[in-house]
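Here's a quick walk through a protein model. Have a look at the picture first, then read on.

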Amino acid sequence: MGEKVKLEEISAADFFYRNRSLAGFDNPVRATYTIIRELVENSLDAVELAGRSPKVLIVMREEREGGEESLPWYRIRVADNGIGMDPEEIPLAFGRVFVSSKYRLIQSRGTFGLGGTMALLYGQITTNMPFKITSAREGEPAYELTMMIDIRKNEPIILDRKIKGVSRRSFTIVESTFEGNYPRAKRKIIDYLQQTAIVVPYISIAFMDPEGHLYIFPRSTEKIPPRPKEALFHPKGVDLELLQRLLISTRTRSLESFLMTHFQRVGKKTASEVLKIAGLPPDKRPSELTDEDIRRLYEALRSYKEFLPPDPSVLSPLGEELFESGIKKELQPEFVKAIQRPPSVYEAHPFIVEVAIAYGGLIKPTGDIQLYRYANKIPLLYDASSDVSYQVIKRIDWSIYGIKNPEDEPIAFFVHIVSTKVPFKTVGKEFIANVPEVAREIELGLRGCARELRIYLGRKRRKEMLLKRYELFRMYYELISWTLGEIIGERPPIENLIEKIKGSSGDEDERE
């Protein structure tokens, strides 16, 4: 007989300790970037909940030099002007994996309640140093908690707790020490902060890096997009397990009432038609359903064709004006056009695609497609060539829009996808799958922007052509005038003629 297999149960924190690459911590370079990204995004969520323009300060310094066989340690401090936290909330929010406020049907930056805690857990794993959280709500005492995470139990360990007096404002400060590689991660980090400043133009970011450089990304607007609203589940987005959970937890007394209460856009008529398909009486109690009844109800929900589309109020798109504002602030292009597509649906989840094209200014040809990708206001910096946006751009014939090759032109593309379920391909959330519904919206948006660019480039090139024509005529007229002056002793007046040619060349329009 073979040796008996020993089964082992591990906690969520232990699982991600053993599989940290799933969350973007697969090497010191990427971990350095991911830590900043996750902590900044936590801050942005907290500030937007407060309904004010975000201010985020990041200070990173070298805590211990690296040697030949070791990497340096860094101390990071991220402060924000968000809603703040009660002292009872801090250990749960930062000391346990999979504790989050994001397990609802509403648009949010994160999905798993994982990133911020994993950033702190990574620091603990690599340095065995505790992390510190300081937070307060306006007019209440500020609390400073020094903590670690019990990886085996997925529970917080509070090492020290201090009360720091009543605060005049709400804020949260997160401090952690981790082993990393800033010099190699530096470019990605600066790119991330700049791209965040584009897609969140109402944010102010200041970053003091370990090399002593200060990077400031000021806001370009005080306007903030409306907050998304929480919604009920759409009937088409429910699987059998979720349906069973809703049936167990419901307080409704009939199936008709159950459908109308727990699902969005389901009225009495729709509920009656669904139950007729399922062969179930409208007045039957949810608690009385057998497994066969539940299966029939689930199949009826899947097969019914007349449900209204999902409610898009759960989404908070940036909007064309704010999108263009962020691009203008950071890249100063000579042309920019943003388009927000109408709400669409993917697997019963609403989504909105926002796209933009910018040309000229600080944008220079790089020999590659310059693509800025975002999902729920998060910049995506890795695996661009695998993203649906990149593939859509590659298959468009740009010559019909006056662009010979986008890789050799000063042109940049921007794609922002807003959804309660962004179709990421990996847990690391770095690129979006080639879903037909999403690809179609991206292509339609890009083509709309490209038509505006074609008009702009046509006018620009016509003015350039007319200006060259004017310069050529002016040169020859001056030469002729000078020659005639030498021959007849008197230079003919040509100023009025040159001015007339100048006006017909469009130079007056250019000056206006």
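## Ground rules

Let's begin with a term: a residue is buried under 20% relative accessible area, exposed over 50%, and partly exposed in between (1.4 Å probe, protein chains only). This is a predicted model, where local features need pLDDT of at least 70 and side-chain atom pairs count only at pLDDT 80 or more, while totals for chains, interfaces and linings use all residues. Residues are numbered from 1 along each chain as its sequence is written, and side-chain values use heavy atoms, with hydrogens and water left out.

I216 is exposed, with a relative accessible area of 56%. You'll find I216 in strand β8, residues 214-217 (strands are DSSP runs of E with at least two residues, helices are runs of H or I with at least four, and both are numbered from the N terminus).

Together with M208 and L214, I216 makes a nonpolar surface patch of about 280 Å² accessible area. Such patches take residues with over 30% relative accessible area and no salt bridge, joining nonpolar side chains (Val, Leu, Ile, Met, Phe, Trp, Tyr) within 5 Å and like charges within 9 Å. A salt bridge here is a side-chain nitrogen of Lys or Arg within 4 Å of a carboxyl oxygen of Asp or Glu, and the areas come from the Shrake-Rupley method with a 1.4 Å probe, with only the protein chains shown counting as cover for residues.

## Rings that meet

There are 13 aromatic pairs in the structure: rings of Phe, Tyr and Trp (its six-membered ring) with centres within 6.5 Å, called stacked if the planes are under 30 degrees apart, edge-to-face if over 60, and tilted otherwise. Take F323 and Y374: their planes stand at 75° with the centres 6.4 Å apart, so this pair is edge-to-face. F323 belongs to helix α10 (residues 320-331) and Y374 to strand β12 (residues 370-375), so the pair ties together parts 51 residues apart in sequence. F323 counts as buried at 1% relative accessibility, and Y374 does at 0%.

Y372 and F414 are stacked, with 4.7 Å between centres and 20° between planes. This pair also links distant parts of the chain, with Y372 in strand β12 and F414 in strand β14 (residues 411-419), 42 residues apart. Both Y372 and F414 are buried. F323, Y372, Y374 and F414 make up one aromatic cluster.

## Charges over rings

R30 lies over the face of Y382, 4.1 Å from the ring centre. R64 has its charged end over the ring of W73, 4.1 Å from the centre. The cut-offs are NZ of Lys or CZ of Arg within 6 Å of the ring centre and within 35 degrees of the ring normal.
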